[in-house]
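Thanks, everyone, for making the time. I would like to walk through one model this morning, starting with its terms and then going from a helix to the cores, the rings and the charged pairs. Please have the sequence and the structure open while I talk.

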Amino acid sequence: MSKLRGRIDFVVLAGVTLANPNGDPLNGNRPRVDNDGYGMISDVCIKRKIRDRIQDMGTPIFVQSEHRSNDGYRSLKERAANTMDLDKRKEAIIREAEEKYFDIRAFGQLFAFKGTELSVGIRGPVTIHQALSVSPVEIVSMQITKSVNSEDVKDGKKASDTMGLKHMVRFGLYVIKGSVSAQLAEKTGFSQEDAENLKEALRTLFENDASAARPDGSMEICQMYWWQHEAATPSVSVAAVHKSVRVTPLTDIPLRFEDYEVVYTPVGDVKAEIF
């Protein structure tokens, strides 16, 4: 695989319609919002979706969801013990882990398992911001019931229906920002081919991600900006590149992507690829 040419920056605009993009388990699984009512999607959630898309492409992933595991291992400790030689020197373990797994090359990984003396930390080149909606989001709550008993009912009596709540964002346009450090990519072996896979994963982030909380079509990538610099440390900062994409609501209550104006003003020598 070829060496990463230079730093990469990206901005992704994701639309959410009547869906829960990232529920908060400490708040009844309501969509995450900040104190001002702006919707949030955690960086951990975004990385999970990237891992799933990379896995769909047939590339090995170390941190697999249990329901998506394709190697039969049910924990990171079990996967590490069965796919790597953990008796090697620390440096050799790091090299083997980076060579085997895309997400370790990209995001890094901590190997520290209970009952072992192993303690290895890897810092990855890909960083993802927490996504924030452009406008405050309205959360819609719906009461739901379960009309079928999960277990047999004694004495022929029908148990009461189970009540619950389902929460969703009416509409939100979320901005996902991130970068790839060329210096750290060289250390982990994150290649130009890995960067192309990352680009495709972001472009198709919500493919095969449907659920009851996120029905097919309720989450979409509306627009994506990708900057491939030729220098490891370009003259223009990451913050300036990210700020070159400005999103402004055109109405008081935006209900679709078309209710926003998106303006891209190039900075520096590199223009964005727009998808």
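Let me begin with a definition: a residue is called buried when its relative accessible area is under 20%, exposed when it is over 50%, and partly exposed in between, with a 1.4 Å probe and protein chains only. This is a predicted model, in which local features need pLDDT of at least 70 and side-chain atom pairs count only at pLDDT 80 or more, while totals for chains, interfaces and linings use all residues. Residues are numbered from 1 along each chain as its sequence is written, and side-chain values use heavy atoms, with hydrogens and water left out.

Helices (H or I, at least four residues) and strands (E, at least two) are DSSP runs, numbered from the N terminus. With that in place, how many of the 14 residues of H1 are buried? The count is 11, so the helix is mostly covered, and the buried set, besides Cys-45, Ile-46, Ile-50 and Ile-54, includes Lys-47, Arg-48, Lys-49, Arg-51, Asp-52, Arg-53 and Gln-55. Just after H1, Gly-58 takes a positive phi of about 90 degrees.

Arg-51, in helix H1, counts as buried because its relative accessibility is 10%. Taking contact to mean heavy atoms within 4.5 Å, and not counting residues up to four places away in sequence, Arg-51 touches Ile-61, Val-63, Asp-103, Phe-107 and Gln-109.

In the loop between H1 and helix H2 (76–83) we find Gln-64, which is buried because its relative accessibility is 12%. Leaving aside neighbours within four places in sequence, Gln-64 is in contact with Arg-48, Gln-55, Ser-69, Asn-70, Asp-71 and Arg-79. For polar contacts the requirement is a pair of N or O atoms within 3.5 Å, where within protein one must be able to donate a hydrogen and the other to accept it, and residues adjacent in sequence count only if both atoms are side-chain atoms. The side chain of Gln-64 reaches the backbone oxygen of Ile-61 at 2.9 Å, and a polar atom of that side chain lies 3.1 Å from the backbone nitrogen of Asn-70.

Now to the nonpolar cores, each a set of buried Ala, Val, Leu, Ile, Met, Phe, Trp, Tyr and Cys residues joined through side-chain atoms within 4.5 Å. In soluble globular proteins, nonpolar side chains tend to be buried together. The largest core here has 36 residues, and those with the most contacts inside it are Ile-50, Phe-190 and Leu-198. Among the elements that each supply at least two of its residues are strand E1 (8–19), helix H1 (43–56), strand E10 (162–180) and helix H6 (192–203), and the largest share, six residues, comes from E1. A second, separate core of 18 residues includes Val-11, Phe-171, Val-241 and Val-270.

Turning to the rings, Phe, Tyr and Trp (its six-membered ring) pair if their centres lie within 6.5 Å, and planes under 30 degrees apart count as stacked, over 60 as edge-to-face and the rest as tilted. The structure holds eight aromatic pairs. The rings of Phe-111 and Phe-113 have centres 6.2 Å apart and planes at 85 degrees, so this pair is edge-to-face, whereas Tyr-225 and Trp-227 are stacked, at 6.2 Å centre to centre with 20 degrees between the planes. Phe-62, Tyr-101, Phe-111 and Phe-113 form one aromatic cluster.

Finally, the charged pairs, where a salt bridge is a side-chain nitrogen of Lys or Arg within 4 Å of a carboxyl oxygen of Asp or Glu. The structure holds 20 of these salt bridges. Glu-186 and Lys-3 meet at 3.8 Å, N to O, a pair that links helix H5 with the segment before E1, 183 residues apart. Glu-186 is exposed at 55% and Lys-3 is exposed at 60%. Asp-9 and Arg-7, by contrast, have their closest N and O atoms 2.8 Å apart, with Asp-9 buried at 0% and Arg-7 buried at 9%.
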